Amino acid sequence: MEKVTGTALVTGGNRGLGLEVCRQLSRRGMRVLLSARDIAEGAKATAALRSEGIEVTFEPLDVTSQESIDQLADRLGRQDLRLAALVNNAGISMKGFDEHVAEGTLAVNFFGAMHVTERLLPLMEEHGRIVMVSSGAGALEGLSPAIRQRIDPPPSREELISLLRTFVDDVRSGEYAQKGWPGSAYRVSKLGLNALTRLWAEELKPRHLLVNAVCPGWVKTRMGGPGAPRSVEEGADTLVWAATLPPGGPTGCFFRDRQPIPW
């Protein structure tokens, strides 16, 4: 296994896919910062990895709190630390479907990833890798023409944010279906995340940053459930691969099993 150097930050690293990504990146030779919102859970996950001989550092982070994101960036900045990889893994899938579910899901899955990346961009090394943990649910196939034409090709970031806020408003008013939106906040959050990936990949080319989205598949995690066909090891494989791509590797792509798939 080829060793990789540099520091990687993984959001939502205290369990499931995030924990396994931390484990595999550390085994590849990277210094790993495991971040989680729950301090007790983050400390417990860090201790568990250390008991396996895997050295990771815990960094508290609530991706829905700008104050928490700023505090993390300030801590890393004071250490003159630069990131070779950022894995935006923190994500939720809420039960039910109403404006609260729509707002809460977007707050973590889209806005959380956006705000964390935005704030940590100044700390990214040249040739760094940014990985968005996405889902096949965010694929464009099957999307209504009314929505697809507004998100593919991706609009500006401001227009994308406005579009997703419109989704929440349409759910609140009960008009989401007639406006063409799918009845899944999770799906819309991943559609937005994929569009953001495409925008940033283009925007960050001058810095030689590789920005990709990865669908890990249906994985046996608390979110995926016990009936999922994939182990966390299998699910984490392509995430780790994308987080350790060499300079000049692919950017602006959507991957599953290390192979590009259609947006």
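**Pockets, cavities and ring pairs**

Guide: Helix H8 gives the most to the lining of the second largest pocket, with three residues. This is a predicted model: local features need pLDDT of at least 70 and side-chain atom pairs 80 or more, while totals for chains, interfaces and linings use all residues. Residues are numbered from 1 along each chain as its sequence is written, and side-chain values use heavy atoms, without hydrogens or water.

Visitor: What makes something a pocket or a cavity?

Guide: On a 1 Å grid over the protein atoms alone, a cavity is a set of points where a 1.4 Å probe fits but can't get out; a pocket is an open set with protein on both sides within 12 Å along at least five of seven lines, and lining residues have an atom within 4 Å of a point. About 180 Å³ of space lies in the second largest pocket. Eleven residues line that pocket, and nearest its centre are Gln24, Arg28, Asp237, Val240 and Arg258. H1 and H8 are the elements that give two or more residues to its lining.

Visitor: How big is the largest pocket, by volume?

Guide: The largest pocket comes to about 1,100 Å³. Among its 43 lining residues, Arg15, Asn89, Gly91, Ile92 and Met223 are the closest to its centre. Helices H1 (16-27), H2, H4 and H7 each give two or more residues to that lining. By class it has 18 nonpolar, 16 polar and nine charged residues.

Visitor: And how many cavities of 30 Å³ or more turn up?

Guide: Two, in a search of the whole structure. The largest holds about 50 Å³, and H7 gives the most to its lining, with four residues. The second largest cavity holds about 30 Å³, and its largest share of lining, four residues, comes from H4. Thr11, Val63, Asn88, Ala90, Val108, Gly112, Ala113 and Val116 line that second cavity.

Visitor: Why is the pair of Trp241 and Phe255 called edge-to-face? Start with how many aromatic pairs there are.

Guide: The structure holds six aromatic pairs. Rings of Phe, Tyr and Trp (its six-membered ring) pair if their centres lie within 6.5 Å, with planes under 30 degrees apart counted as stacked, over 60 as edge-to-face and the rest as tilted. Phe97 sits in the loop between S4 (83-88) and H4 (99-120) and Tyr176 in the loop between H6 (157-173) and H7 (185-203), so their pair ties together parts that are 79 residues apart in sequence. Now your pair: the ring centres of Trp241 and Phe255 are 4.9 Å apart and their planes are at 85 degrees, so this pair is edge-to-face too. Trp241 belongs to H8 (residues 232-243) and Phe255 to S7 (residues 254-256), so the pair ties together parts 14 residues apart in sequence.

Visitor: How do you know whether Phe97 is buried, exposed or partly exposed?

Guide: Buried means under 20% relative accessible area, exposed over 50%, and partly exposed in between, with a 1.4 Å probe and protein chains only. Phe97 has 26% relative accessibility, so Phe97 counts as partly exposed. Tyr176, with 24%, is partly exposed as well. Trp241 and Phe255 are both buried.

Visitor: Which residues do ring pairs link into a cluster?

Guide: Phe97, Phe167, Tyr176 and Trp181.

Note on methods:
Grid points are joined across faces, edges and corners, and a volume is the space filled by probe spheres set on the points. Ala, Val, Leu, Ile, Met, Phe, Trp, Tyr, Cys and Pro count as nonpolar, Asp, Glu, Lys and Arg as charged, and the others, Gly among them, as polar.
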